[in-house]
Amino acid sequence: MKPIFKSVIAASALALFASASAFAADVYKIEPNHSSVTFQYTHFGFSHPTGKFMNAVGQVNLDKADPSKSSVEVSFDIAGVNTGVPALDAHLKTADFFDAAKFPTATFKSTKVEVTGKDTAKVTGDLTIHGVTKPVTLDVKLNKLDMHPMMKKEDAGFTATATIKRSDFGMGAYVPAVSDQIDLYIEAETLKQ
C-alpha cells in the first residue's frame, strides 16, 4: 500500500473518530405528560402554596461515558401556569408578576454539569424569566435510566431542585408578605430519540 494512500486512510479514520466523539451524547426529548416545574412560596407566613407548569419542551443531551459533557435546554410558556385557582393564575400572568403578554416564555440552558455522585450532579445554567437572565444551579438526581415499558424507547427520569429570588427577575411585587424566595421542584421524563 502506498504511503499516501495509508495517510488518507489514517486521516479518514481519525476524522470519523473525532466525529463520533463529538456526537457521543444521546438526545432525549422531554416528555411533557410526565414532566413538571413546580414552584412554592410563602403567603403571609400562613401557608406555602404551589403553582405548576406542565408544558415544558426541550431536550437533554446525555453523555453516559462522561456525564459532565451532558447538557439540557428547556422552555415553557408562561400562559400554562396552574395554581388550581383561576383568578390567581390570571393575576400571575399580569405585569405584577410574569407579564406573560410581554414575556411569554421562560427558558433554561445549561452551561456546566458537575458530577457529584453516582447518580447526582449540579447543573448550572442561564435561567430567563420576565426578560431577565440569571445563573441558577440545579441539584439533579438521575432517578432511572432504562427502557420505557410502553414507549419501547430508552427513558431517562430526573428530579431537580433549586431556590431563586423572584426579585432578581424583576418580579418583586408584594415582597415580603409574599415571599421573595421561590423553591423549584422539577420532575422530568425524557425519551431517547
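Five aromatic pairs occur in this predicted model, where rings of Phe, Tyr and Trp (its six-membered ring) pair if their centres lie within 6.5 Å, with planes under 30 degrees apart counted as stacked, over 60 as edge-to-face and the rest as tilted. Phe 39, Phe 53, Phe 76 and Phe 98 form one aromatic cluster. The model is predicted, so that local features need pLDDT of at least 70 and side-chain atom pairs count only at pLDDT 80 or more, while totals for chains, interfaces and linings use all residues. Residues are numbered from 1 along each chain as its sequence is written, and side-chain values use heavy atoms, with hydrogens and water left out.

**Aromatic cluster**

- The structure holds 5 aromatic pairs; in one of them, the ring centres of Phe 39 and Phe 98 are 6.5 Å apart and the planes stand at 70°, so this pair is edge-to-face.
- Phe 39 belongs to strand 2 (residues 36–40) and Phe 98 to the loop between helix 2 (86–92) and strand 6 (105–115), so the pair ties together parts that are 59 residues apart in sequence; helices (H or I, at least four residues) and strands (E, at least two) are DSSP runs, numbered from the N terminus.
- Phe 39 and Phe 98 are both buried, a term that means under 20% relative accessible area, with exposed meaning over 50% and partly exposed in between (1.4 Å probe, protein chains only).
- Phe 53 and Phe 76 form a tilted aromatic pair, at 4.6 Å centre to centre and with 40° between the planes.
- Phe 53 lies in strand 3 (residues 50–53) and Phe 76 in strand 5 (residues 71–77), so this pair ties together parts that are 23 residues apart in sequence.
- Phe 53 and Phe 76 are both buried.

**Overall architecture**

- The protein chain contains 2 helices and 10 strands, and from the N terminus on its elements run α-β-β-β-β-β-α-β-β-β-β-β.
- Of its 193 residues, 33% count as buried.
- Among contacts (heavy atoms within 4.5 Å) between residues at least 6 apart in sequence, 53% join residues at least 24 apart.
- The chain exposes about 11400 Å², of which carbon and sulfur atoms supply 62%; accessible areas come from the Shrake-Rupley method with a 1.4 Å probe, and for residues only the protein chains shown count as cover.

**Salt bridges**

- The structure holds 6 salt bridges, each defined as a side-chain nitrogen of Lys or Arg within 4 Å of a carboxyl oxygen of Asp or Glu.
- One of them joins the side chains of Lys 64 and Glu 154 at 2.7 Å, N to O.
- This pair links distant parts of the chain, with Lys 64 in the loop between strand 4 (57–62) and strand 5, and Glu 154 in strand 9 (residues 154–165), 90 residues apart.
- Lys 64 has a relative accessibility of 40% and therefore counts as partly exposed.
- Asp 66 forms a salt bridge with Lys 69, in which the closest N and O atoms are 3.9 Å apart.
- Asp 66 is partly exposed, at a relative accessible area of 28%, whereas Lys 69 is exposed, at 59%.
- A further salt bridge connects the side chains of Asp 119 and Lys 141 (3.5 Å, N to O).

- Ala 188 is located in strand 10 (residues 181–192) and counts as buried because its relative accessibility is 16%.
- The C-alpha atoms of Ala 188 and Ile 30 are 6.8 Å apart in space, although the two residues are 158 residues apart in sequence.
- Not counting residues up to four places away in sequence, Ala 188 touches His 34, Ser 35, Ala 156, Gly 157 and Phe 158.

- Thr 83 lies in the loop between strand 5 and helix 2 and, at 17% relative accessibility, counts as buried.
- The side chain of Thr 83 reaches the backbone nitrogen of Val 85 at 3.2 Å.
- The side chains of Thr 83 and Asp 89 are joined by a polar contact of 2.6 Å; a polar contact is a pair of N or O atoms within 3.5 Å, where within protein one must be able to donate a hydrogen and the other to accept it, and residues adjacent in sequence count only if both atoms are side-chain atoms.
- Apart from neighbours within four places in sequence, Thr 83 is in contact with Thr 50, Gly 51, Leu 88, Asp 89 and Leu 92.
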